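Visitor: Please take me through one part of this structure closely. I would like to look at the sheet, strand by strand.

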Amino acid sequence: HAFTSSASWTPPGGMTEAYEGASLGVPNGSGVSIEGNYVIQAAIGATGAKTATASGNADVGNAHILALRPGP
């Protein structure tokens with residue numbers, strides 16, 4: 001998750017936060033912030049909705065879900 005304000009993050013329910021960073025002191029509407037999370041999914045299927053929550057400013061951003069399968 002990333003968006004165009006420096007903020008602190010709360011990871012989606014059931015996920016573990018791997019990293020979090022902000023370009024300026026938090027909170028700051030002029031900065032940029034990012035966080036990454038992970039979860040082990042036991043079976044193949046839809047991931048469901050994953051929503052992280054950022055403190056402070058309601059701003060625009062993006063998110064990406066990447067699913068990996070174990071090697072042979």
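Guide:

Six bridges link β3 to β4, and the two strands run antiparallel. Strands here are DSSP runs (E, at least two residues), numbered from the N terminus; helices would be H or I runs of at least four residues. Two strands count as paired if DSSP finds at least two bridges between them.

This is a predicted model: local features need pLDDT of at least 70, side-chain atom pairs count only at pLDDT 80 or more, and totals for chains, interfaces and linings use all residues. Residues are numbered from 1 along each chain as its sequence is written, and side-chain values use heavy atoms, with hydrogens and water left out.

Start with the β3-β4 pair. Y19 stands opposite G36 of β4. Strand β4 covers residues 33-38. Strand β3 covers 16-22.

Now step across β4. Its antiparallel pairing with β1 rests on two bridges. A2 has I34 in β4 as its bridge partner. Strand β1 itself consists of residues 2-3.

Next comes β6. Two bridges join β1 and β6, again in the antiparallel sense. Here F3 has G61 in β6 as its bridge partner.

The four strands form an open sheet in the order β3-β4-β1-β6, with antiparallel pairing. Its edge strands are β3 and β6 (61-62), each of which pairs on one side only.

What follows β6? The segment after β6 contains P70. P70 counts as exposed because its relative accessibility is 74%. The classes are buried under 20% relative accessible area, exposed over 50%, and partly exposed in between, with a 1.4 Å probe and protein chains only.

The protein chain has six strands and zero helices. Along the sequence the pattern reads β-β-β-β-β-β. The C-alpha trace spans about 45 × 20 × 15 Å along its principal axes. Of the 72 residues, 19% count as buried. Among contacts (heavy atoms within 4.5 Å) between residues at least 6 apart in sequence, 56% join residues at least 24 apart.
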